Amino acid sequence: MGSFFHRHPRLTPYLLLAPGVFWLGLFFLIPLAFLAYQSLQSGIYPTFEFTWEFSNFTDAISDYREQFFRSFLYAGLATVACLVLAYPLVYWIAFRAGPWRNLFLLFIIAPFFVTYLVRTLAWLNILSSEGPVVGFLRGIHVLDEDGQLLYSAFAVVSGITYNFFPFMALPLYVSLEQIDSRLLEAAKDLYASPREAFMRVTLPLSGPGIVAGTLLTFIPAAGDFINAELLGTPKQTMIGNVIQAKFLESLDYPTAAALSFVLMGMILVALLVYVRAVGSEKLTG
Amino acid sequence: MSIATETIVPRSRPGVAARAWAFVKRHALTAYALLAVGYLMLPIAVVILFSFNAPKGRFNYVWQGFTLDYWVNWDSVLGLREAVITSIEVGLLATVVATALGTFIALAIVRHHFVGRSATNLLVFLPMATPEIVLGASLLTLFLNTTAVFQLGFWTIFIAHVMFIVSFIVVTVKARLIGFDRHLEEAAMDLGADPLTTFRKITLPLIAPAMLAAALLGFALSIDDFVITYLNAGGTQTFPVFVWGAARVSVPPQVNVVASAIFLVAIALALANVFWQYRSAKRTQGAT
């Protein structure tokens with residue numbers, strides 16, 4: 001075996017790749033082809049036929065326009081909320097936390113250690129109408145006497161924001177931490193106010209982190225259905241809920257497959273528009 | 001000297017007001033950071049707290065009183081024990097397989113130049129950039145159309161988990177391989193070791209910590225996954241699938257017990273890692 005590697009050094013990388021690439025090919029790429037195949041079928045469970053049924057796609061878009069719109073709206077709002085909430089925290093960790101940095105980073109990823117569904121359910125306790133948060137907001141008349149927070153768009157967006165917060169915070173931290181402190185000193189020496197130094201040095205240099213964090217938050221958020229299911233009502237249904245129900249409850253596989261493709265396509269388009277807008281060099285550099 | 005100091009406009013010393021403002025600003029940020037950490041910790045505290053709650057009705061939403069009952073009888077809910085065991089079994093098995101496959105891919109990408117390298121990078125990146133629901137849905141259509149080979153259950157969950165974990169393993173191991181000193185391997189080869197012996201005696205021990213970190217990440221991802229698992233589980237329940245089913249009726253406090261236990265184990269491992277890094281950083285500082 002050893003002498004085999006000696007005789008064929010060029011084959012070594014391919015042998016190393018073979019098992020993993022085989023797995024990803026068989027269980028990631030080929031399934032995408034099956035998804036495409038299924039999305040063009042027609043019929044009723046359990047007999048589907050491949051009929052180039054392109055109307056699945058047009059129907060998917062026109063029937064579920066509302067859910068698509070809501071998915072992108074909620075995901076967008078949650079992404080902005082994550083960015084606004086995470087930036088000052090991560091800035092503080094990168095520049096002010098000193099020896100406590102690793103501990104605070106651990107605080108950021110700690111929510112990941114609680115099962116996704118269970119930490120989402122915890123928001124049921126926190127936002128519950130009998131809980132202290134609603135009680136306080138009613139007390140100061142931000143909410144009406146019978147006003148509630150749960151089962152609303154607010155609850156769903158809050159849930160998504162909380163659940164994907166680390167995806168925004170970690171890349172932001174990486175980009176802020178890499179900033180050469182001499183650049184900030186140089187800005188100061190050139191009479192930049194702290195505000196100017198932030199706007200013209202720190203913020204642009206954290207650009208790649210903002211872009212990476214936005215993508216990492218937005219993509220999974222747009223496909224999420226757990227928060228809408230647990231913290232919302234049917235009025236807050238997102239496209240993930242529809243896909244999941246079509247696959248597992250109404251057994252309408254072709255529509256579910258078409259919806260999955262449309263979701264993926266829309267995310268890709270959103271990505272391209274976003275990357276165009278911010279400039280692709282921010283993504284790589 | 002004196003001419004120079006006169007020609008350069010001296011920087012005005014910040015006044016009292018400016019300094020007070022700076023003080024407020026500085027501490028406002030610190031206060032915000034602590035608040036934000038509180039926000040992040042709040043649901044975790046709630047999960048742990050409500051594992052000790054003694055709910056009066058079916059719903060575990062409002063604090064009623066302290067009890068240890070649910071920690072002692074954590075598996076008294078029908079199906080919970082089986083679900084937890086399935087989660088651990090799938091997690092261990094998928095992690096071992098994915099860590100092996102992912103490490104091989106990372107080694108190939110970092111150490112070798114070959115035709116198809118950027119295609120491989122793309123293949124590894126794509127599953128991470130695809131929404132989970134699409135990953136799960138496409139895999140489900142494969143299984144639904146090949147029922148002669150695949151029946152939904154334990155093994156389809158295992159296949160799905162290996163598939164979505166591999167990319168994360170590759171990224172983690174790759175990051176550590178890049179800073180790897182290849183002279184050690186060259187030295188072993190010069191001393192007559194064949195490539196396999198070199199790999200076993202030199203490479204493997206050196207990348208073992210990266211593999212361990214990657215494996216821990218993989219296990220955490222596996223045990224937490226709901227979306228892909230739910231779509232491909234058939235009737236088999238993992239812990240998250242069990243929670244989903246329970247959430248449609250009422251969630252027993254035992255779910256909080258299991259989630260708290262998972263959290264405590266994970267946080268203990270993470271703290272051990274932080275401590276270990278701190279110590280090894282100190283040791284290398286001492287050496288130089």
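## A hairpin in chain A

Strand β1 (residues 41-44) and strand β2 (residues 47-50) of chain A run antiparallel, joined by four bridges. Strands pair if DSSP finds at least two bridges between them. Two residues separate β1(A) from β2(A), and the strands form a hairpin. Gly43(A) stands opposite Phe48(A) in β2(A). Strands (E, at least two residues) and helices (H or I, at least four) are DSSP runs, numbered from the N terminus.

## About the model

This is a predicted model: local features need pLDDT of at least 70, side-chain atom pairs count only at pLDDT 80 or more, and totals for chains, interfaces and linings use all residues. Residues are numbered from 1 along each chain as its sequence is written, while chains are lettered from A and ligands numbered from 1 in the order in which they are written.

## Where the chains touch

Chain A gives 71 residues to the contact and chain B gives 68 residues. Residues are in contact if their C-beta atoms, placed from the backbone, lie within 7 Å. On the side of chain A that touches chain B, helix α2 (residues 12-39) gives the most, 18 residues.

## The core

The largest nonpolar core has 150 residues. Such a core is a set of buried Ala, Val, Leu, Ile, Met, Phe, Trp, Tyr and Cys residues joined through C-beta atoms within 7 Å. Buried means that 20 or more other C-beta atoms lie within 10 Å of the residue's own. Val90(A), Leu259(A), Ile105(B) and Ala137(B) have the most contacts inside this core. Helix α4 (residues 80-111) of chain B gives the largest share, 14 residues.

Technical notes. Buried ≥ 20, exposed ≤ 12 C-beta atoms within 10 Å, placed from the backbone. Contact = placed C-beta atoms within 7 Å.
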